[in-house]
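Let's take a friendly walk through this fold together. Open the viewer and keep the sequence at hand.

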Amino acid sequence: MHTFQSSLRFILSLVAALSFAAAAWAAGKPFDQAGFEAAQAAGKPILVEIHADWCPTCRAQEPVISKLMQDPKNADLVVLRVDFDQQKDVVKRFRAQYQSTLIVFRGKKEVSRSTGETRKDVIAAQLAKAR
């Protein structure tokens with residue numbers, strides 16, 4: 001019985017760790033045009049985050065977005081991260097002037113945009129516009 005309980009605790013810990021890692025990864029999946037277009041064609045809700053590793057506002061957005069990704073309402077949300085410094089062509093295509101810009105799409109239609117927003121309730125409201 002002791003081995004079963006130990007195994008069960010280990011499995012539950014592993015599931016919790018994987019869930020956290022999946023949410024963190026989902027908030028930072030690198031942007032690629034093909035993935036973006038496929039999500040648009042499928043009518044998915046999409047969050048494009050214009051991110052810079054050196055940006056304190058971007059770092060503040062990360063845990064907020066990760067937490068929102070854990071909400072079942074956002075289960076089908078596709079989150080794509082654009083590197084502000086390395087993907088200048090993509091930044092320009094999205095007409096983003098600054099890092100920490102969040103752009104929300106419902107399929108092919110842009111439904112919300114903000115720059116520098118870190119409040120969970122405001123970002124959640126932005127994401128809700130994509131559903």
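Before we start, a word on contact: two elements touch here when they have heavy atoms within 4.5 Å of each other. Bear in mind, too, that you are looking at a predicted model.

With that in place, find helix α5, residues 120-128, which lies across β1, β3 and β4. Its direction runs at about 30° to that of β3. Which residues of α5 are buried? They are I123, Q126 and L127. Looking down the axis of α5, you will see these buried residues fall within an arc of 95°, so they line one face of the helix. The general rule behind such a pattern is that an α-helix has 3.6 residues a turn, so residues three or four places apart point the same way. In α5, the buried residues pack against β1, α3, β3 and β4.

Now turn to the sheet itself. It is open and built from four strands in the order β2-β1-β3-β4, with mixed pairing. From one strand to the next, the twist averages 20°.

Zoom in on β1, residues 45-51, and you will find it paired with β2 in the parallel sense over six bridges. Within this pair, I50 stands opposite V82 of β2. Helix α3 (residues 56-69) also packs on the sheet, where it touches β1, β2 and β3 (101-106). The direction of α3 makes about 160° with that of β1.

Note on methods
Residues are numbered from 1 along each chain as its sequence is written. This is a predicted model: local features need pLDDT of at least 70, side-chain atom pairs count only at pLDDT 80 or more; totals for chains, interfaces and linings use all residues. Side-chain values use heavy atoms; hydrogens and water are left out. Two strands pair if DSSP finds at least two bridges between them. Helices (H or I, at least four residues) and strands (E, at least two) are DSSP runs, numbered from the N terminus. Axes are lines fitted to C-alpha atoms, for helices over the stretch in contact, and angles run from 0 to 180 degrees between N-to-C directions. Buried means under 20% relative accessible area, exposed over 50%, partly exposed in between (1.4 Å probe, protein chains only). The arc is that of the directions from the helix axis to the C-beta atoms.
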